[in-house]
Amino acid sequence: MSKINILKLEGSSLLKYYIFFISGLFASFSLPPINLFPFIFFLSLPIFFLIKCRNWKEASIIGFLSAFGWFVFSLYWLSNALIVSGGMYLWIVPLVFFGLPAFLSLFWGVAFFLTFVLGKSVTEKLLFLILLLPFFEWLRGTIFSGFPWNMIGFSLNNPLEISQTISILGPFGQNTLIVVLISIPVSLFLNKKIFTFFTLLFCFFIFSFSFYIHKTNELKLTENWVRIVQPNFSHTEKWDKNKFYENLNELMRLSEKKDITNFVIWPETAIVNFQENINQELQIITKSIFRGEEGFLITGMPRKEYIENKKHYFNSMYVFNNLGEVVSVYDKIKLVPFGEFNPFKNILNFFGTIASNQEFSKGKFTDSFFNFGDLNFLPLICYEAIFPSKIKYLNHYDVIINITNDYWFGNTFGPHQHHSLAKQRAIETGIPVLRVSNSGISSIIGPNGKELKKLDYDKKGFIDFQVPEKFEPTLYLMYGEKIYYYISIILILLIIVLRSQVSKLNFIKEKK
């Protein structure tokens with residue numbers, strides 16, 4: 001510790017607080033769209049001071065401030081949705097900009113606190129951190145409906161050679177891998193040779209496996225063609241009732257079918273009206289696009305239904321055939337808190353929803369959305385693509401369709417991170433993703449996460465491409481979060497063994 005006097009935790013200087021905050025901020029440069037992976041090692045510095053700190057308060061502060069730097073910089077763009085939605089929510093911008101990162105930082109703070117309290121030696125503390133920080137990342141990704149955005153393992157999203165680790169370990173297992181990795185410089189500095197050897201061996205094995213997967217998996221294309229349409233409507237244009245038909249005409253113009261196109265996909269709420277109100281228009285649209293030949297229009301549009309004499313609204317994905325007939329409907333299951341529903345409406349009844357005047361209802365799960373020949377499609381609407389895949393029902397799917405509207409986030413980090421999270425869904429399952437955004441990033445994503453073709457943010461246009469084939473089931477697709485759970489159990493057993501060995505040595509010393 002004396003070697004780095006300028007970074008001492010002792011004294012009243014505020015420098016120590018800036019160091020942890022800045023370390024977390026710089027570490028977040030490893031995330032999209034900056035993607036400077038080596039910057040993740042800035043988090044090695046807080047880990048070093050965690051090992052050396054003298055009380056639980058310092059440990060908690062180290063974890064909290066490191067996380068605060070990580071989340072404030074990487075999630076700054078969330079407040080842009082409040083600006084787009086209009087003046088009535090501008091007063092919440094500081095709360096979202098600082099309050100949400102502060103809340104998320106509590107998870108890291110508790111992980112550092114427990115590491116200090118439970119770890120009796122340097123090696124124990126390192127093992128506890130490798131166990132606890134990923135656990136609390138898992139916790140924030142699941143409780144209160146979950147928010148797994150920008151987990152620490154997300155730094156492994158680029159390049160593709162290392163991003164295949166998610167197909168081996170899953171997103172929560174990736175968190176463990178990255179904490180192991182950033183602990184190695186600390187163990188080297190503290191001369192923990194055995195710990196360093198085994199952690200290096202673990203990382204070498206996983207990364208080598210990831211490189212092997214990337215090298216040997218061959219991308220293949222089906223004979224089915226898809227056109228994905230990015231209309232790039234502004235928020236005002238999209239919801240302007242006077243521009244409804246003008247917008248439909250523009251979507252139709254961008255969708256004029258090539259002879260070989262099997263599917264046309266429009267983004268989330270591309271049609272801002274209810275199906276029963278525009279049946280005639282839907283027939284005209286599909287007949288105009290497909291010109292009497294077989295084809296399917298997949299689009300986002302709202303849906304309403306009376307359930308027990310109460311009107312419910314759903315954010316939905318529809319499939320129409322070339323005659324304008326409804327083939328299938330999917331209602332969004334994972335809704336955006338405060339964006340599409342108010343999770344605390346009994347307490348915060350003065351707060352509406354940002355995305356709509358009406359609160360949306362949660363849809364019901366269906367294991368069959370839409371089949372075409374030998375292709376079975378899985379629907380994901382916007383926010384749903386940030387969540388790790390539900391393994392129980394994914395084996396029989398061949399293609400993931402993700403429709404979204406990232407105009408809310410503006411030209412910030414948000415659309416790039418959202419797009420990269422959709423790529424993770426492809427890599428972890430080995431299933432290609434057709435991602436269609438109103439204004440964001442639309443792309444054809446191969447089952448290894450490769451962008452085969454894309455439209456960047458703020459671009460109007462369309463992409464014609466063949467639907468990629470899925471890979472053989474990945475380890476994660478076969479075993480799901482069991483891989484992460486097994487790794488956690490092994491870490492617990494290692495800690496127990498280490499502690500028992502230390503107890504035996506102490507007992508022998510006392511007898512002597």
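**Close-up 1. The buried side of helix H12.** Glu281, Leu282, Ile285, Thr286, Ile289 and Phe290 are the buried residues of H12, where buried means under 20% relative accessible area with a 1.4 Å probe, protein chains only. Looking down the axis of H12, these buried residues fall within an arc of 140 degrees, so they line one face of the helix; the arc is taken from the directions from the helix axis to the C-beta atoms. This is a predicted model, in which local features need pLDDT of at least 70 and side-chain atom pairs count only at pLDDT 80 or more, while totals for chains, interfaces and linings use all residues. Residues are numbered from 1 along each chain as its sequence is written, and side-chain values use heavy atoms, with hydrogens and water left out.

**Close-up 2. H12 from end to end, and what covers it.** H12 takes in residues 279-290 and reaches 17 Å from its first C-alpha to its last, close to the 16 Å expected at 1.5 Å a residue (that is, 1.5 Å times one less than the number of residues). Helices (H or I, at least four residues) and strands (E, at least two) are DSSP runs, numbered from the N terminus. Among what covers the buried residues of H12 are helix H11 (244-255) and strands S2 (261-265), S3 (296-307) and S4 (310-321).

Close-up 3. S4 pairs with strand S5 (residues 326-331) in the antiparallel sense, over five bridges; to count as a pair, two strands need at least two DSSP bridges between them. Phe320 stands opposite Val326 in S5. Four residues sit between the two strands of this hairpin, and Gly324 in the turn has a positive phi of about 85 degrees.

**Close-up 4. An open sheet of six strands.** The order is S6-S7-S8-S9-S10-S11, with mixed pairing. Strands S6 (370-372) and S11 (451-455) stand at the edges with a single partner strand each, so one side of each is left without a neighbour in the sheet. Further in, S9 (residues 433-437) and S10 (residues 442-445) run antiparallel, joined by three bridges. Leu434 stands opposite Ile444 in S10.

**Close-up 5. Two nonpolar cores.** A nonpolar core is a set of buried Ala, Val, Leu, Ile, Met, Phe, Trp, Tyr and Cys residues joined through side-chain atoms within 4.5 Å. The largest has 72 residues, and Trp70 and Ile152 have the most contacts inside it. A second, separate core of 26 residues includes Val226, Val319, Ile401 and Ile444.

Notes:
Buried means under 20% relative accessible area, exposed over 50%, partly exposed in between (1.4 Å probe, protein chains only). Contact means heavy atoms within 4.5 Å.
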